[in-house]
Amino acid sequence: MNHGTLFGIGVGPGDPQLMTLKALKTILSCDAVAIPAKDPARCTAYKIACGADPAIGQKPLLAVDMPMTKDAAVLAAAYEAGARLVAEQLTAGKNVAFLTLGDPSVYSTYFYIHEKIRKMGFATEIIPGVPSFCAAAAALQEPLCENSTELHIIPGTYNPAEGLDYPGTRILMKNNLAETKAALKERGLSAALVENCGMENQRLIAASEELPDKSGYFTVLIVKEQK
């Protein structure tokens, strides 16, 4: 029996219309859909995909628990369990579409499953998606970088203040706003914020003085050099 293929598919930042044609066609052609959550009702990537085509919601579903923790042992166990769940389908000759927000190569937990599946000897393929920071820049109608401007993507949940010292444009993802606001003020920098980009509750804040102390998990902060 031929084994199936695992497809890591980026569904974009939030708007189902920003899913690529290749992503949609691949999901529809797969035998099962895997999501990075225990509960499909709480999985944003799954909602986006189903919004693009309701037929996706009729496919067999693999709910892969990806706990929100930095505990290495807990995460390792979750990734191992998720890989085994996917491998069962691949062994049976089923193709699996694993959905992930934005692009699979940008801070995606999907790749932990991807690497395990590859080491097991199964075929894999990546379908890129629109990254949240590109969609955020479009929503703000601002360029991320021009000419020789550098672009830095920073995971804001760790130490965002350090990232602000890089030159050029800095993208802070999923950051601690209270801490970041203080660091911005200390450095005399301005920033724009996009929360829930492409979703019904999208929020745009273009002025630093209007930044809130808290925002949702799907928040992108864009810090640019002063002109």
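The largest pocket holds about 1,600 Å³ of space. Here a pocket is an open set of points, on a 1 Å grid over the protein atoms alone, where a 1.4 Å probe fits, with protein on both sides within 12 Å along at least five of seven lines; the volume is the space filled by probe spheres set on those points, which are joined across faces, edges and corners. Before going on, please note that this is a predicted model, in which local features need pLDDT of at least 70 and side-chain atom pairs count only at pLDDT 80 or more, while totals for chains, interfaces and linings use all residues. Residues are numbered from 1 along each chain as its sequence is written, and side-chain values use heavy atoms, with hydrogens and water left out.

Of the lining, 29 residues are nonpolar, eleven polar and eight charged; Ala, Val, Leu, Ile, Met, Phe, Trp, Tyr, Cys and Pro count as nonpolar, Asp, Glu, Lys and Arg as charged, and the others, Gly among them, as polar. At least two lining residues come from each of helix H2 (44-52), helix H3 (72-91), helix H4 (110-119) and strand S10 (219-223). These elements are DSSP runs numbered from the N terminus, helices being H or I of at least four residues and strands E of at least two.

Most residues other than glycine have a negative phi. Tyr 107 counts as partly exposed because its relative accessibility is 42%, where buried means under 20%, exposed over 50% and partly exposed in between (1.4 Å probe, protein chains only).

Pro 104 is found in the loop between S4 and H4 too, but Pro 104 is buried, with a relative accessible area of 1%.

The largest nonpolar core has 20 residues, and Ile 27, Tyr 46 and Leu 99 have the most contacts inside it. Such a core is a set of buried Ala, Val, Leu, Ile, Met, Phe, Trp, Tyr and Cys residues joined through side-chain atoms within 4.5 Å. Strand S1 (5-10), helix H1 (21-29), strand S2 (32-35), H2 and strand S4 (96-100) each give two or more residues to this core, and H2 gives the most, with five. The buried residues of H2 are Ala 45, Tyr 46, Ile 48, Ala 49 and Cys 50; their cover includes H1, S2, strand S3 (61-63) and S4. Leu 99 touches Ile 27, Val 33, Tyr 46 and Ala 49, among others.

Finally, visit Leu 164, in the loop between helix H6 (160-163) and strand S7 (169-173). Leu 164 is buried, with a relative accessible area of 2%. Ala 183 is 19 residues away in sequence, yet the C-alpha atoms of Leu 164 and Ala 183 are 7.8 Å apart. Contacts of Leu 164 include Leu 172, Leu 184 and Val 223.

Methods:
On a 1 Å grid over the protein atoms alone, a cavity is a set of points where a 1.4 Å probe fits but cannot get out, and a pocket is an open set with protein on both sides within 12 Å along at least five of seven lines; lining residues have an atom within 4 Å of a point. Contact means heavy atoms within 4.5 Å. Lists of a residue's contacts leave out its neighbours within four places in sequence.
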